[in-house]
Amino acid sequence: MAWYPNAKKMELQPESDAQPAIRPTQLIFHSIAAPWTPERTYEYWRDSTNLESHFAVGFDGDIAQFIGTETRADSNMYANKRGDGSGAVSVETASNMDHSDAWTDAQVSTLIQLGVWTHQKHGVPLRICRSHDDPGFGVHRMFSQWSDGGTECPGDARTDQFRDVIFPGIVRAAGGTADQSPKYAPFPGASYFESEPRSALITAMGRRLVAEGCGRYSDGPGPQWTDSDRRSYAAWQRKRGFSGGDADGWPGRVTWDALRVPQV
Ligand SMILES: [Zn+2]
């Protein structure tokens, strides 16, 4: 259980005791599509739904916390708690009814401070999430896995503020620099693999397949594309839920993006 010292503690039961533990690796920002104070948000969740977030922030920047950040909250669909025990911390924010307004200056300030705390307390890295399960910071609409098939939340204006003001503000206030860890290699196209390439990219791909438990190499992985790469990649496709001709070992864009091969 971790409670943010700057938030008003309004523990939400039975969720706070009943939900499973998580290891927080992400902070996801939301708009609640209602002009509510944190107290009103608390009452709504207490009385009418079991869909809650860890925090709520009012228009004047006041913040309350309902659930400890090492306990699952339910605002982020598949990011709430993943198979490896990691999960997202969620913060709802007051907005107009169709969440088209910008965050107020007071909200921006509170969200930056909360971001610094989650970085310092839980080690959330100073970067914008690059995939749905990548540790870092994000807004709800960034990945469909974070909602029931997609959402506009928190709206265009706030998505811009997140990238231009809030995330850079967190980095600055944390006294850090944005995480420069390697970006992932873009999908090189299906025909690239059929040409049986020899490239450091194939080695990097193979290492990721091994890390995912999909290695089917007797030796390697190495830079030359071989049938072992194809068998390993087929195992990855099956792990991602594909079958038949969709798991033939020839890489496609969806499984490639999910594999997160470091750029070489
Ligand atoms: Zn949302």
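The crossing of helices H6 and H7 is left-handed, a term used if the near helix is turned anticlockwise from the far one by less than a right angle, with right-handed used if clockwise. The model is predicted: local features need pLDDT of at least 70 and side-chain atom pairs count only at pLDDT 80 or more, while totals for chains, interfaces and linings use all residues. Residues are numbered from 1 along each chain as its sequence is written.

H6 spans residues 200-211 and H7 residues 227-239; helices are DSSP runs (H or I, at least four residues), numbered from the N terminus. Their axes come within 10 Å and cross at roughly 45 degrees, where axes are lines fitted to C-alpha atoms over the stretch in contact and angles run from 0 to 180 degrees between N-to-C directions. H6 and H7 are therefore oblique to each other, as angles under 35 degrees count as roughly parallel, over 145 as roughly antiparallel, 65 to 115 as roughly perpendicular and the rest as oblique. On the H6 side, Ile202, Gly206 and Leu209 make the contact, facing Asp229, Ser232, Tyr233 and Trp236 of H7 (C-beta atoms, placed from the backbone, within 7 Å). These residues comprise 4 nonpolar, 2 polar and 1 charged; Ala, Val, Leu, Ile, Met, Phe, Trp, Tyr, Cys and Pro count as nonpolar, Asp, Glu, Lys and Arg as charged, and the others, Gly among them, as polar.

Turning to H3 (residues 105-122) and H4 (residues 156-173), the axes come within 8 Å and cross at roughly 50 degrees. This pair is therefore oblique too, and its crossing is right-handed. Val108, Leu111, Ile112, Gly115, Val116 and His119 of H3 meet Gln161, Val165, Ile166, Gly169, Ile170 and Ala173 of H4, a contact with 8 nonpolar, 4 polar and no charged residues.

Methods
Helix = DSSP H or I, 4+ residues; strand = E, 2+ residues; numbered from the N terminus. Contact = placed C-beta atoms within 7 Å.
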